[in-house]
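Please work through each task before reading its solution.

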Amino acid sequence: MRFSEAWLREWVDPPVDTRTLAEQFTMAGLEVDVLEPAAPAFSGVVVGEVLQREQHPDADKLGVCQVNVAQAEPLQIVCGASNVAAGMRVPVALVGAVLPGDFKIKPAKLRGVASAGMICSAKELGLAEVSEGIMPLPLDAPIGADLRDYLQLNDQIIELDLTPDRGDCLGLRGLAREVSALNRVEIKMADPTAVPPSCDDRVAVAVNAVEACPRYACRVIRNLNTQVETPLWLRERLRRSGIRSIDPIVDVTNYVLIELGQPMHAFDLAKLDGGIQVRLAQPGERLTLIGGKEIDLAADNLLIADAAKPLALAGIMGGADSAVGATTRDILLESAYFSPMALTGKARALGLHTDSSHRFERGVDPSLQLLALERATALLLQILGGEAGPVVDCQQSEPVTRPKILLRRQRIGRLLGIAVADSVVVDCLQRLGMVVEPVSEGWWVQPPASRFDIGIEVDLIEEVGRIYGFEQIPSAVPRVPMNMELRPEQEFDLERARDRLASLGYQEVITYSFIEPSRAQAILPDVEPIALANPISSDMAVMRTSLWPGLIATAKHNLARQQSRVRIFECGLQFQRQAGEIEQTPMLAALVTGEVAAEQWGAVKREVDFFDLKADCEALLALLGEAASIRFEPCSHPALHPGQAARIMRQGRLLGHLGMLHPAVAEAFDLERNLYLLELRLPEIRQTGLPKFTPLTRFPSIRRDLALVVDQKVDYLSIEACIREHASEILQDIILFDVYTGEKIDSGRKSLALGLILQDSSRTLTDQEVDDFVAHIVQELSAGLDARLRD
């Protein structure tokens, strides 16, 4: 909502300056988005009268004008505008004047003829983006008067960013009510008075869509002189409201739109065929809108039509075939109330957005229609002359009223935190146009019909708080008992896990819990995703069954923007239906792709692989304090590559999965890179082991290396488990440092090189003890896994 401060102060004039008024609007919930002067800075420009215009002796496109500016002698000014003529009143920049852009006017000679000033166009004064010729002023403009004073250009333009529930403030009448309440001052502007009819012409109206149009009012106005220009004062007010002047009839309807907040429309009466019908569109109907756009009408489009054709898209835009123009003499002036539900989304569906649709979708005051009709009639008759017929008012139902709401005195204090005097409560609500009836526990309050946003008691308390002033409510520190609770030492610390991943080069992301159904099926085809009853869009229609789709989409987004190395993780919920109930499981998921290390000179480039992610996972699970109990077992997972997938187990319980994204799933996500994924079920790792102190020994350790040849199907975990099962306490660690297949190794077999770290805490081990231990381990491996020492 954009408007002139001077225009608002004609309605209500609070004793505050512009800056304070803007702050009041913002604190009251009507955020000020723009506060700017009505015209750029300029000085030394006065009203002048062109007494004479003669052709320049040496230039075909220049004229030499004698201009009266109320000085001792007329000024001689050379001007190139073609529309300058004797008798005009025009803006004149005197010698010494400063125009926008710090352009200074000096005495000059143009083609040998002296020029003492400049006759200005609206563009040169910063009052228009473009202009054709000199800016004409009304013939009664006082000669010699300062132009800024004459046009009231020392004005401010205020633009409010209103929330959708405050449609009542899309007009100066509603804003004046707000300012009146905020400053406890009276509204000066009275409602328009009725214009008595001077002819008996009227048009029959039939409202066939009663729910969509509860009220339709109109009147005929004949013998308008449309050759008259819109007065400058009216054009200026429209300009300051961000509306371009078109013609006097349209300008008046736009003026009433800004002043009262009621959209209106004027039809050329000569182009109507019979009476007016308010109805829904019929199959196959089309309408050419003002501006030339032709649209196919849907069955739920509300129309204004005559007996033969559609005339306008109700509440949105008029039709070209019935629009007023330069030859219009008689009009039908319309002022209607259209239900917000009937128009919501209709303009947007057609690629349109108009001032009318903007207001009707948010709700127009149902009591404004006749007031707006009378105001527009009075302005048209004042500017264009003419004869007004009687008002035809088709009100199809009882006037719209808001239900009464009980406002409890105790409830105000409880929600606002202060006691507000009864007189202040009543004054605030009454100044907002509400009817207040006192009762023992408070008041019965009936909001005005224009306040669609007030429906329950807390809405009224909000109004009291807004008008009383939230800034006047003292700040108080809430008194909250703080109980310091010790977290169990064995509880898994998710913050430490986040820090560990961050130290490994991962970045945390947050993705939507809503995903596309096809992507949920691609990751877990056997799990039916939970569909949303009212999704935001088709690609956010189900709850995520895994965190992986969001991570994959994030990686794809980054890869498409030349970020070839991606390491991300997320902590969040996955949603699956178990036994008819929705189960929300906290998860930690990670994704890596690209090079192992950031680009550098000291290391060979290498793409990340399964074991890199496994190493990161082990570093993360080391926080559990029981690394030896974690096992990585080959598995089958629908989203992971069959040969590079593992489940993470601890004491028979599934902790999660990791592996490379399945090629078919990568194709479904339109990815050409190898992605490696990890997920951990946080409830399964909630309990960790207690850290234990192990004394350091002063006795040396001994390392013995073994090269074992085993079957290809035997994994390292089985070998490690066998060794630990049959080892004594002197075994401290096992290191796998080589895996080999090839020459001198039988087909179907592989060689694993292990380092056994042996140490006793109380003495130095002898060679015989070490040899006996190694021999025992080799014997058990041979018996249990068919392992033999490599030759």
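Is E285 buried or exposed, judged by its relative accessible area?

Solution. The model is predicted: local features need pLDDT of at least 70, side-chain atom pairs count only at pLDDT 80 or more, and totals for chains, interfaces and linings use all residues. Residues are numbered from 1 along each chain as its sequence is written, and side-chain values use heavy atoms, with hydrogens and water left out. The scale is as follows: buried means under 20% relative accessible area, exposed over 50%, and partly exposed in between (1.4 Å probe, protein chains only). E285 has a relative accessible area of 14%, so the residue is buried.

**Exercise 1. Identify the salt-bridge partner of E285 and classify that partner by accessibility.**

Step 1. A salt bridge requires a side-chain nitrogen of Lys or Arg within 4 Å of a carboxyl oxygen of Asp or Glu.
Step 2. E285 meets the side chain of R279 at 2.9 Å, N to O.
Step 3. R279 has 9% relative accessibility and therefore counts as buried.
Step 4. Elsewhere, salt bridges with shared partners join R166, D168, E178, R451, D453, E463 and R466 into one network.

**Exercise 2. Describe the salt bridge of E236 with R240, and that of D427 with R184.**

Step 1. Between E236 and R240, the closest N and O atoms are 2.8 Å apart.
Step 2. Both residues belong to helix 5 and, being four residues apart, are separated by about one helical turn. Helices (H or I, at least four residues) and strands (E, at least two) are DSSP runs, numbered from the N terminus.
Step 3. E236 is buried at 8% relative accessible area, and R240 is buried at 4%.
Step 4. D427 and R184 meet at 3.5 Å, N to O. D427 lies in helix 12 (residues 422-431) and R184 in the loop between helix 4 and strand 12 (205-207), so this pair ties together parts that are 243 residues apart in sequence.
Step 5. D427 is partly exposed at 23%, as is R184 at 33%.
Step 6. In total, the structure holds 53 salt bridges.

**Exercise 3. State how many aromatic pairs there are, and characterise two of them.**

Step 1. Rings of Phe, Tyr and Trp (its six-membered ring) pair if their centres lie within 6.5 Å; planes under 30 degrees apart count as stacked, over 60 as edge-to-face and the rest as tilted.
Step 2. There are five aromatic pairs. One of them joins F3 and F25, edge-to-face, with 6.2 Å centre to centre and 80° between the planes.
Step 3. F3 is in strand 1 (residues 2-4) and F25 in helix 2 (residues 18-27), 22 residues apart. Both residues are buried.
Step 4. The ring centres of W233 and Y255 are 5.7 Å apart and their planes stand at 90°, so this pair is edge-to-face. W233 lies in helix 5 (residues 232-240) and Y255 in helix 6 (residues 248-260).
Step 5. W233, at 38% relative accessibility, is partly exposed, whereas Y255, at 1%, is buried.
Step 6. Ring pairs link W7, W233 and Y255 into a cluster.

**Exercise 4. Give the residues that line the second largest cavity, and their classes.**

Step 1. The lining consists of D300, N301, L302, L313, A314, I316, L343 and K346. A cavity is a set of points, on a 1 Å grid over the protein atoms alone, where a 1.4 Å probe fits but cannot get out; lining residues have an atom within 4 Å of a point.
Step 2. By class, there are five nonpolar, one polar and two charged residues. Ala, Val, Leu, Ile, Met, Phe, Trp, Tyr, Cys and Pro count as nonpolar, Asp, Glu, Lys and Arg as charged, and the others, Gly among them, as polar.

Conventions:
1 Å grid on protein atoms, 1.4 Å probe; cavity = no way out; pocket = protein on both sides within 12 Å on 5 of 7 lines; lining within 4 Å.
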